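Please look over the following model together with its sequence.

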Amino acid sequence: GSTAALAKMGAAREGRYALPPLPYSYNALEPFLGAQTLILHHDRHHGGYVNGLNATLEKLRVARKAGELSAVQSLSRQLAFHGAGHVLHTIYWNSMRPGGSALSGDLLDAVRRDFGSERAFLAHFAAAAGKVEASGWAVLAYEPVAGRLLVLQAEKHQDLAIWGVRPLLVCDVWEHAYYLDYQDRRAEYVDRFLEVANWEFATARLAALA
Ligand code: MN3
């Protein structure tokens, strides 16, 4: 569907990743998040990850070609930092939509199976987002070994806890995501985030993966 296609817009083309446009206007999420937050967050922060990812890949290409890989440790760290930042932000923009949405369909069935109830899941997700230590993310993810849903916390963002999970819906709790609008009231930001959550996007991602 179109939501799955949106998630691919940041993919590499001709060797370079691209900053996908916001799937709505900069002021479309007001009053939850102001336009200034989205301009800074999308154009500057997310754009910085895309530029960093492309620059790191170029440094690695040059290093391989020269046979000089002494910087591979820091370059690998930069690759994970910028790459994870790009992927998670691409999902984050689509994890919200003006007016929000209702959990339904296969995703709602999976949520009830794996978390007990919709209410229990939402409380779990909000608590995880509120309690990420310092900067990070809350992630609703599909874990393909058992084929079940998990809520994970990612500190910073290159430290995703389980390899192979596929994020379905994410909440950015770095301060740049909410500080202009909510200052230190992260829990209020998370509650309002859930009011605009785009569960249709998450359902489409689940259908494409499961
Ligand atoms: Mn961010």
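L108 is found in helix α4, which spans residues 105–115, where helices are DSSP runs of H or I with at least four residues, strands are runs of E with at least two, and both are numbered from the N terminus. This is a predicted model, in which local features need pLDDT of at least 70 and side-chain atom pairs count only at pLDDT 80 or more, while totals for chains, interfaces and linings use all residues. Residues are numbered from 1 along each chain as its sequence is written, and side-chain values use heavy atoms, with hydrogens and water left out.

**Surroundings of L108**
- L108 counts as buried because its relative accessibility is 10%; buried means under 20% relative accessible area, exposed over 50%, and partly exposed in between, with a 1.4 Å probe and protein chains only.
- Leaving aside neighbours within four places in sequence, L108 is in contact with L103 and E118, contact meaning heavy atoms within 4.5 Å.
- The C-alpha atoms of L108 and P20 are separated by 28 Å, and these residues are 88 apart along the chain.

- H41, which is found in helix α2 (residues 35–66), is buried at 1% relative accessibility, and D172 is buried with a relative accessible area of 0%.
- The side chains of H41 and D172 make a polar contact at 2.8 Å, a term for a pair of N or O atoms within 3.5 Å; within protein, one must be able to donate a hydrogen and the other to accept it, and residues adjacent in sequence count only if both atoms are side-chain atoms.

- The side chain of H45 makes a polar contact with the side chain of H176 (3.2 Å).
- Not counting residues up to four places away in sequence, H45 touches L40 and H176.
- The C-alpha atoms of H45 and G85, 40 residues apart along the chain, are separated by 9.0 Å.
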